Amino acid sequence: MISNSSTLGLALAVVFGAAFGWLLHRGRVTDYNVIVNQFRLKDFTVLKVMLTAIIVGGMGVLVLVHLGLAKWHIRDANLLATLLGGALFGIGMVVYGYCPGTALAAVGTGSLHALVGVFGMIAGAILYALSFDWVRTNVLPVWGVGKVTLTDVTGVPTVAVYAVLAVVALLAFRALERGGRAH
């Protein structure tokens, strides 16, 4: 039997997921051309949306942690795995024209080509799961630095990291707007 808190959690996941998809659509990042033009350095909408999401989400989590309503769950920093995963993710995004979130939101808008790519993502997830024992043995231990954060490495408080990131994002937005290349 599902408890009331589990039911509420599932309901909230659907509500927030739908809101996230709607915001991606409103931000125009469910449009294949907007994403491809980010890589062509012609349209910086994706950069703006992602930086905004990172800053707002990060500060939101920071506030929740400081209020005692959430806890940090720091994962091991496996830098080789991160570099390889980031490269695969980037190549996939350039070829496909979507990231997983924007792909699912695009499917929600009726995009058939995004739906085809979702099947590719599922196949990739299955292949990763099947190869995970090899990855755990041969990739994860290489350049693993343990459970560390930017605060641990730099000594800069987390709130200051987010403040600096926010300032950098605002300066980048301003530079993009002045350059006339942002949409």
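Which tyrosines form one aromatic cluster? The cluster consists of Tyr-32, Tyr-96 and Tyr-98, and the points below place these residues in their setting.

1. Basis of the note. The model is predicted, and local features are reported where pLDDT is at least 70, side-chain atom pairs count only at pLDDT 80 or more, and totals for chains, interfaces and linings use all residues. Residues are numbered from 1 along each chain as its sequence is written, and side-chain values use heavy atoms, with hydrogens and water left out.

2. Overall architecture. The protein contains eight helices and zero strands, where helices (H or I, at least four residues) and strands (E, at least two) are DSSP runs numbered from the N terminus. The C-alpha trace spans about 45 × 40 × 40 Å along its principal axes. Of the 183 residues, 23% are buried; buried means under 20% relative accessible area, exposed over 50%, and partly exposed in between, with a 1.4 Å probe and protein chains only.

3. Contacts along the chain. Among contacts between residues at least 6 apart in sequence, 60% join residues at least 24 apart, a contact being heavy atoms within 4.5 Å.

4. The largest nonpolar core. This core has 14 residues, and those with the most contacts inside it are Ile-35, Val-46, Tyr-96, Tyr-98, Ala-103 and Ala-114. A nonpolar core is a set of buried Ala, Val, Leu, Ile, Met, Phe, Trp, Tyr and Cys residues joined through side-chain atoms within 4.5 Å. At least two residues come from each of α2 (32-39), α4 (79-96), α5 (100-108) and α6 (112-138). The helix that gives the most is α5, with three residues. Leaving aside neighbours within four places in sequence, Val-46 is in contact with Val-29, Val-34, Ile-35 and Gln-38. Apart from this core lies another, of five residues, among them Leu-51, Ile-55, Ala-166 and Ala-169.

5. The aromatic residues. There are three aromatic pairs in the structure. Rings of Phe, Tyr and Trp (its six-membered ring) pair if their centres lie within 6.5 Å; planes under 30 degrees apart count as stacked, over 60 as edge-to-face and the rest as tilted. Tyr-96 and Tyr-98 form an edge-to-face pair, with 5.2 Å centre to centre and 65 degrees between the planes. Both residues are buried: Tyr-96 has a relative accessible area of 17%, and Tyr-98 has one of 3%.

6. Helix α4 and its end. The 18 residues of α4 reach 25 Å from first C-alpha to last, close to the 26 Å expected at 1.5 Å a residue; the expected span is 1.5 Å times one less than the number of residues. Gly-97 follows α4 and has a positive phi, near 90 degrees.

7. Helix α8. The 22 residues of α8 (residues 158-179) should span 32 Å at 1.5 Å a residue, which agrees with the 31 Å between its end C-alpha atoms. Its buried residues are Tyr-162, Ala-166, Ala-169, Phe-173 and Leu-176. Seen down the helix axis, these buried residues fall within an arc of 95 degrees, so they line one face of α8; the arc is that of the directions from the helix axis to the C-beta atoms. The buried residues of α8 pack against α3 (45-66). The face turned away from the buried side carries the exposed residues Val-164, Leu-171, Ala-175 and Arg-178.

8. Val-161. This residue also lies in α8 and counts as partly exposed, at 24% relative accessibility. Not counting residues up to four places away in sequence, Val-161 touches Leu-150 and Val-156. Val-161 and Met-59 are 102 residues apart in sequence and 10 Å apart in space, C-alpha to C-alpha.

9. Positive phi in loops. Most residues other than glycine have a negative phi. Arg-28, in the loop between α1 (4-26) and α2, has a positive phi of about 70 degrees although it is not a glycine. Arg-28 is partly exposed, at 37% relative accessibility. Trp-143, in the loop between α6 and α7 (150-154), likewise has a positive phi, of about 65 degrees, and is not a glycine.
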